[in-house]
Amino acid sequence: MIDVTFLLLIFFLVTTTFERAEGILTSDLPDVSGAQAVPLPLSPIVLRLTQTGPGHDEYAITIDGFDSAPKTTKDLSHFLREIQQQPGFDAQTPVVIVAQNDVRWDHIVACWNAALNANCERIAFGQP
Amino acid sequence: LANHKLFSVPVLGTAGIVFFGALMYPCYAQSAPKPAEESRLSTAEFHAGLKKRGLTDLLEQHVKDFPPASPTEASLLMRDVKLAESADQSRSFAERQAAIASANDILEQLIADRPQDPSRFEWKFSLAHSLLHRQAEPFLTALSYRGAVVRERDKLLAMTSRAVSVLAQLADDLRSEYDRIDALSIGQFEKLEANGYVAQLDALGPRSEYLTLWALLYDSLPRDDSDSVRATQLHDLLERITAHPTLIRTPHEASRVQVQALLLTGMTYRLLNKHHMARQHLERAVALSKDIDDEQELQRIDWAILLAWLELIRNEVDVGAYDDAMHALGKFREHINSGHDQALTRQLMVALAERGVFRKRADTAERSGSQDRAAQYRREAWNAVARLADQSPAHRDAIYSTLYEIIDPKTPISQLDPLEQSALIAGLLSDARKHSDHAPALLDRVVLVGERFLDTHAAQASTLIPEVLHNLGVAEYRRGRTAAAAQRFIAAAEYHATFANALQAATFAVQLGSELYADPALINHPEIERLYRDALELLLKNHADSEPAEYWRFYYAQLLDESGNYLIAARQYDRVGDRHEHHLVGLFYRTRCLARFLQQRAEDAPDQPAPTEELSAFFKTRNDFIQSARRTLNTAPSSQDTSALRSMLAETKVLMAEVQILAFTNHPKDALESIAGFEELHPDETGLEGRIWRVRMLAYEKLGRLEEAMSVLPQYIASDAANAAATLQNLYLDLVLDLNGLHEPLASVSAANRSDAALAVAQALSNWSERPGSKFAPEGRRALTLQLAEAHLRSNQLDRAAKLFASLATESNSNGIRSVQSAPAILGYAEALYRKGDFAAALPRFNQLATGLNPGDERRWQALLRDLQCRDALLHPPQGIIRVIQQQNRLHPKLGGAGYAAQFEKLLRACERRRDQGTDD
């Protein structure tokens, strides 16, 4: 288990592209600019991964607010690109991956890669 | 003892044998009738009269004041006094034992003082007889019939040894006297023979020899097997019997001692482990007894027959012939059951014998490694006695008394069977009542044994459990542990189906529970209230029609009343009988409970229809009470309870008014009239002032007379500060109920008035929570401040609202409370800023909530809408706003509900216009 966690950590260190800081000295700007700094209250795309059985491929993907979702991580990139085409969504829309504790790490990594392949610029992990 | 060998008496003849029967009964000298005058003046007659009437104290005093001239006569008379005292059943066992010991000492002293007195032979015989058959009798009975270990073995041995010694002296003395008589001349001998002296000696010889035989046996019983004296005496006894074979051969009809002699012989053989010979003699004794037709004779030798049966059974047990022992036991039981006398003591004798057989059998099984069989035999052992005890409470008491007496105090508790433990508990309790000095230690032992019983025997002796619990309750109570006692009684009372004293246990539990509940030191102890309630419910459920239940129902209702269960309490008050001392008070309490229930119902479910049944019951009970109370006041206007009754009558008016202002009755005008009537009729009842103000304030509010309602607010708070919070809170909620949400402008003047009234109430509540001495919790104060801030916001007093909200939001943050918990304060603050037009300051606060709260929370949608409205007002690029609305529309198509959806749509259109017109930059 420790080994797996360690491998995951290494993987994320290598692959994660961290968002750059939005700016510096924002507190010294005038009021309007300060208000401007308040981020838009956009909702992220929340991908949920759950293990449905003991087998390697027994897992499920759901996306909050969407009735349908790809059955495997292979189809996920395409699905995310389609979402980005919908009003209110684009590559900047944050993607949050929420995986249950018993989900295999390679599925989580596959999700991450799928989001990267869909050109999602802001990817993060959320607590289950 | 060696002297016994030298003791020689004439060969026992038939004439001598007839004296044996007389041994069992006291002999009184017969004298010729005397003239009446002589009798009246005769001291002897006077003494006899006193003795006959049991006036032994008077007799003793008379003998001391007017001692007979002869010291011998004085001693004998004093001995008679002591003997009479020992026969007096009204005296305690210890007193009677002391009296007989004293009588024997007197006689012994007389023998020592007058060694040559011609009566010395009879005195010695009497002394030995008295020692064995009076002084040692209780111990010998215990040893012989119950097969128990005698507590005071040493005492018994001292008595029997003394008897053996006296009889040995008598034998020596008789021999010497015969030697002296043999040396007399014929003339002197004829003279002695003529006055009957020789005949007396001849008669005394066989009597003393027979008594000696029993004395030797009795003296052997308390001795250990290792005691050499025991074996010597028993062999001596056998030799004596062998030397006088007529004892066991002469038919009983002629000798009247054959059965007893066979018993004696059989017992001796058994003690010498000659079981075959023992069986032979004991069976003969039993068989012979069956041939005796003379009822009187059978009664006279009953003791010997019983003992012969017991010895026969014991003899079989000694050799391990348990089946034979059980067979003999069966025959013994038949004998007991077929007789006229089936007294409990006889039944118990059989039961104890059976117990003895099973116990020995269990020991044998245990030694052979068969633990299961041993356990089964042990169960059979105690069940043998338990079956008899179960027949009736009287049986149980008597059996417990016997068992308690024969339990060796040194026996570990674990070795006592369940029945013995139960008997030990009952006996210790009884002793604790008698001996107050030792009571604490005895009661502690009761608790110890009782707990051990419950730990180890609960499963196999379930019938004894309630009784043990009951006795534990008594012990705990007497040790001052009232709560523990009540719990034990409750546990005992649970066995109401089988336990005869269940009602008593339940009543005790209730009484103790009541005592604890009323104890000022135990107020606010929920466990005490629960205990009291459990006890009451047990009593009322299982013994509903009993007298104690009739009495305690009122108090049960009162307990429910005090704990806020008004409807159940009202039902219980309704069942309090007409003859109950608190019937009238119960009627009032029922009225009050129903009123409180209706109030509670109106507050908890204001939208529900009126509970008509309870409403009718309230009106009817109130009327019944008023009529009954007036009747009582008319018939006994000066009784001490009238003051309380008048107060209750006054309160019924207030109760009526309180019911009239409830949501589902809604008769505020009638309520005001009721109040006016109360004030007119009962001007002195100032204790109800707070409730009067409350009714008045709420009635005004219901009538829309808000100014008047607010004008009485201060009086109300002043008169009922302790209880004002709930009323004010309800009033506040009532006032804001029909107003629009915080984020909408007020629709009408009426709404504005209500809003202002709500603000006044909110302010009063806030002041109330911060009054000096208030023990209001910080969380409660915070909630009231929030409410006040909202009231300000609703009344459009934005600066004050913003200030209050800001203080709460800051407090939340500094306390580390998460934004979700402080959301109302942040939202209120942001809303106040927004309404003031300070969109830039409002935006980050709305944004905090819009991004932090869950979409299921309505406040998230309020904050999101305001966030976007602030951006629009600040002329932020419309694309961003459009994008957010579109996204939310995709993810949450309902957009927080129709109201929000419409506003989002409106904002979307405005932003699209702005985008299309390019007016944003």
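Leaving aside its neighbours within four places in sequence, which residues is B:Thr160 in contact with?

## A threonine in helix α10

B:Thr160 is in contact (heavy atoms within 4.5 Å) with B:Leu132, B:Tyr218, B:Asp219 and B:Pro222, once neighbours within four places in sequence are set aside. This is a predicted model, in which local features need pLDDT of at least 70 and side-chain atom pairs count only at pLDDT 80 or more, while totals for chains, interfaces and linings use all residues. Residues are numbered from 1 along each chain as its sequence is written, chains are lettered from A in the order in which they are written, and side-chain values use heavy atoms, with hydrogens and water left out.

B:Thr160 belongs to helix α10 of chain B, residues 153-182; helices here are DSSP runs of H or I with at least four residues, numbered from the N terminus. The residue is buried, at a relative accessible area of 0%. For reference, buried means under 20%, exposed over 50%, and partly exposed in between, using a 1.4 Å probe and protein chains only. A polar atom of the B:Thr160 side chain lies 3.1 Å from the backbone oxygen of B:Leu157.

## Salt bridges within chain B

Let's turn to charged pairs. A salt bridge is a side-chain nitrogen of Lys or Arg within 4 Å of a carboxyl oxygen of Asp or Glu, and the whole structure holds 57 of them over all chains. One of them joins B:Arg207 to B:Glu122, with the closest N and O atoms 3.6 Å apart. This pair links distant parts of the chain, helix α12 (residues 197-220) and helix α8 (residues 120-135), 85 residues apart. B:Arg207 is buried at 15%, whereas B:Glu122 is partly exposed at 35%.

B:Arg180 is partly exposed at 40%, and B:Glu177 is buried at 5%.

## Where the two chains meet

The contact between the chains takes 18 residues from chain A and 23 residues from chain B. A:Val38, A:Leu40 and A:Pro41 supply 32% of the area that chain A buries against chain B, more than any other three residues. Buried area is the accessible area (1.4 Å probe) that two parts lose on being put together, summed over both; here it is about 1800 Å², 60% of it on carbon and sulfur atoms.

Across this interface there is 1 salt bridge. B:Arg883 pairs with A:Asp90 in a salt bridge, the closest N and O atoms being 2.9 Å apart.

Key: Helices (H or I, at least four residues) and strands (E, at least two) are DSSP runs, numbered from the N terminus. A polar contact is a pair of N or O atoms within 3.5 Å; within protein, one must be able to donate a hydrogen and the other to accept it, and residues adjacent in sequence count only if both atoms are side-chain atoms.
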